[in-house]
Amino acid sequence: RDDDDINDVASMAGVNLNEESARIMATNSDLVGTQMQSCKDEPFLAAIPLHKRILETAKKLGITDVPAEVVTFISHATQTRLRTVIEKVTVITQHRMESYKDDEWYEQATDVRSQLKFFEQLERLEKQRKDEQEREILLKAAKSRSRQEDPEQARLKQKAKEMQQQELAQMRQRDANLTALAAIGPRKKRKLDAPGLLTIGGEGAGLCGGSQAGLGTASPRQYPRQKITRVNLRDFIFYMEQEREMSHSLLLYRALLK
């Protein structure tokens, strides 16, 4: 009779509900009759010290009793707030570490590092020019043979003598260093893929000991190095400046003073 009913959609589709129910019961027989319950609510902060701290603050406001639900709620709120702060600061740090040099949609307008290097080179050349001029003056004073005993001339001669001695000591030190390097020979780089050396994250971990290593060559195992996001104080300051409730806080002022 049910099959003849035109309103029975399952029968029109050729699906037998009794067979499907039996098949489901046979497949999930181990789950039938089990009782599902939520896991225990674990607080993020220690309950006893947090409760004591909340009571100290509540007594100042005339509140003498604080239930355990309040402690749990504040603990979860702290965990959520901390997770939000870490996520936002991590995004700020990743944006700071991004490089757009190889991006075809960006064009470099200024290069502060090259400008600083250029100014440092100018200062170095200016200092070198002044040192050359002073050296020439000292050498002329040292070669002069004036009979008058001028104290300024004597001071220049003494300074020229000290400069020559310093240059001679530097030349001797340079020659000694070159001689020592020639005696040592070319330095050989340590091979990370040497037999018996495990490479973990690009660094040598140690030699394979025992009889397991033997005389055979152990294949180096490469592990993917986990990308580390390093957050500094500047990222936190930028985050606090963007937050409405922290942009005028005392915490931001103290962070700016560091």
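## Nonpolar core

The largest nonpolar core consists of nine residues: Val85, Val89, Ile92, Ile237, Tyr239, Met240, Met246, Leu252 and Ala255. Such a core is a set of buried Ala, Val, Leu, Ile, Met, Phe, Trp, Tyr and Cys residues joined through side-chain atoms within 4.5 Å, with buried meaning under 20% relative accessible area (1.4 Å probe, protein chains only). At least two residues of this core come from each of H4, H7 and H8; helices are DSSP runs (H or I, at least four residues) numbered from the N terminus.

The model is predicted: local features need pLDDT of at least 70 and side-chain atom pairs count only at pLDDT 80 or more, while totals for chains, interfaces and linings use all residues. Residues are numbered from 1 along each chain as its sequence is written, and side-chain values use heavy atoms, with hydrogens and water left out.

## Helices H4, H7 and H8

Helix H4 (68-97) has 30 residues and spans 44 Å from its first C-alpha to its last, close to the 44 Å expected at 1.5 Å a residue (1.5 Å times one less than the number of residues). Val71, Ser75, Val85, Val89, Ile92 and Thr93 are its buried residues, and they pack against helix H3 (47-60) and H7, contact meaning heavy atoms within 4.5 Å.

In helix H7 (residues 233-242), the residues Asp235, Ile237, Tyr239 and Met240 are buried. Their cover includes H4 and helix H8 (250-257). Leaving aside residues up to four places away in sequence, Ala255 touches Leu233, Ile237 and Met240.

Terms used: Buried means under 20% relative accessible area, exposed over 50%, partly exposed in between (1.4 Å probe, protein chains only).
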